[in-house]
Amino acid sequence: MNREKICVSKANRSFWLIGLLNNVPWVLMLACATNISSGGVALVFLSNQIPGLVVKITAPYWFHNVSYRVRMLMSSVSMGVASLLVACGGLLHDETAEGKGSAKDFDGLGLALELIGVSFISFQCSLGEVPYQSLIYLLSLFDNDIFM
């Protein structure tokens, strides 16, 4: 196998892995919508869609001012913050479901933290997806059979 084919093969695997890691949290948040808010699945769905839609609509106006490195850093930090918020909100939400102590005061806070976390995941997914969709063109210059 020549050097060019090895590079294209590594790039194909890298794009596949990055795409998988970028979209898995978004899918998990949609799949867990009933666990986050059993009565407000539509609220979870809107929290999961609106931030991503805003990023995708506004991206042409500001993406050229932010480098790929900074966008990927923002995406990574957003994923970490989202996971932390959903986990903390879930702990508060579970405490109120079990009725432990004065935890009933935190029921709304737990749901709010989870919804903000879902919004961060949507932001992260869109912020990570758009740059790689534009970079796939460069990969296709090296390998014409990439989409076949």
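**View 1. The salt bridge between Glu-129 and Lys-56.** In this predicted model, Glu-129 and Lys-56 form a salt bridge, with their closest N and O atoms 3.0 Å apart. A salt bridge is a side-chain nitrogen of Lys or Arg within 4 Å of a carboxyl oxygen of Asp or Glu. Glu-129 lies in helix H5 and Lys-56 in helix H3 (residues 41-62), so the pair ties together parts that are 73 residues apart in sequence. Glu-129 is partly exposed, with a relative accessible area of 21%, and Lys-56 is partly exposed at 42%. Here buried means under 20% relative accessible area, exposed means over 50%, and partly exposed lies in between (1.4 Å probe, protein chains only). The search of the whole structure finds 1 salt bridge.

Two notes apply to every view. Residues are numbered from 1 along each chain as its sequence is written, and side-chain values use heavy atoms, with hydrogens and water left out. The model is predicted: local features need pLDDT of at least 70 and side-chain atom pairs count only at pLDDT 80 or more, while totals for chains, interfaces and linings use all residues.

**View 2. The helices of the protein.** The protein has 5 helices and 0 strands, and its pattern along the sequence is α-α-α-α-α. Helices (H or I, at least four residues) and strands (E, at least two) are DSSP runs, numbered from the N terminus. Of the contacts with a separation of 6 or more, 75% are between residues 24 or more positions apart; contact means heavy atoms within 4.5 Å. Buried residues make up 30% of the 148 residues.

**View 3. The largest nonpolar core.** This core has 9 residues: Met-29, Ala-33, Ile-36, Val-44, Ala-82, Val-86, Leu-115, Val-118 and Ile-121. Helix H2 (33-36), H4 and helix H5 (107-142) each supply at least two residues of the core, and H5 gives the most, with 3 residues. A nonpolar core is a set of buried Ala, Val, Leu, Ile, Met, Phe, Trp, Tyr and Cys residues joined through side-chain atoms within 4.5 Å. Not counting residues up to four places away in sequence, Leu-115 touches Ile-36, Leu-43, Val-44 and Ser-47.

View 4. Ser-78 is found in helix H4 (residues 68-98) and is buried, with a relative accessible area of 5%. Leaving out residues up to four places away in sequence, Ser-78 touches Phe-120, Phe-123 and Gln-124. Leu-91 also lies in helix H4, but Leu-91 is exposed, at 58% relative accessibility. The C-alpha atoms of Leu-91 and Glu-114 are separated by 9.9 Å, and these residues are 23 apart along the chain.

**View 5. A nonpolar surface patch.** Trp-16, Leu-17, Leu-20, Leu-21, Val-24 and Leu-28 make a nonpolar surface patch of about 590 Å². Patches are made of residues with over 30% relative accessible area and no salt bridge; like charges are joined within 9 Å, and nonpolar side chains (Val, Leu, Ile, Met, Phe, Trp, Tyr) within 5 Å. Leu-28, in helix H1 (residues 3-31), is partly exposed at 47% relative accessibility. The protein exposes about 9,400 Å², 68% of it supplied by carbon and sulfur atoms. Accessible areas come from the Shrake-Rupley method with a 1.4 Å probe; for residues, only the protein chains shown count as cover.

**View 6. Cys-88 and Cys-125.** Cys-88 is partly exposed, with a relative accessible area of 35%, whereas Cys-125 is buried, at 5%. A search of the whole structure finds 0 disulfides, a disulfide being a pair of cysteine sulfur atoms within 2.5 Å.
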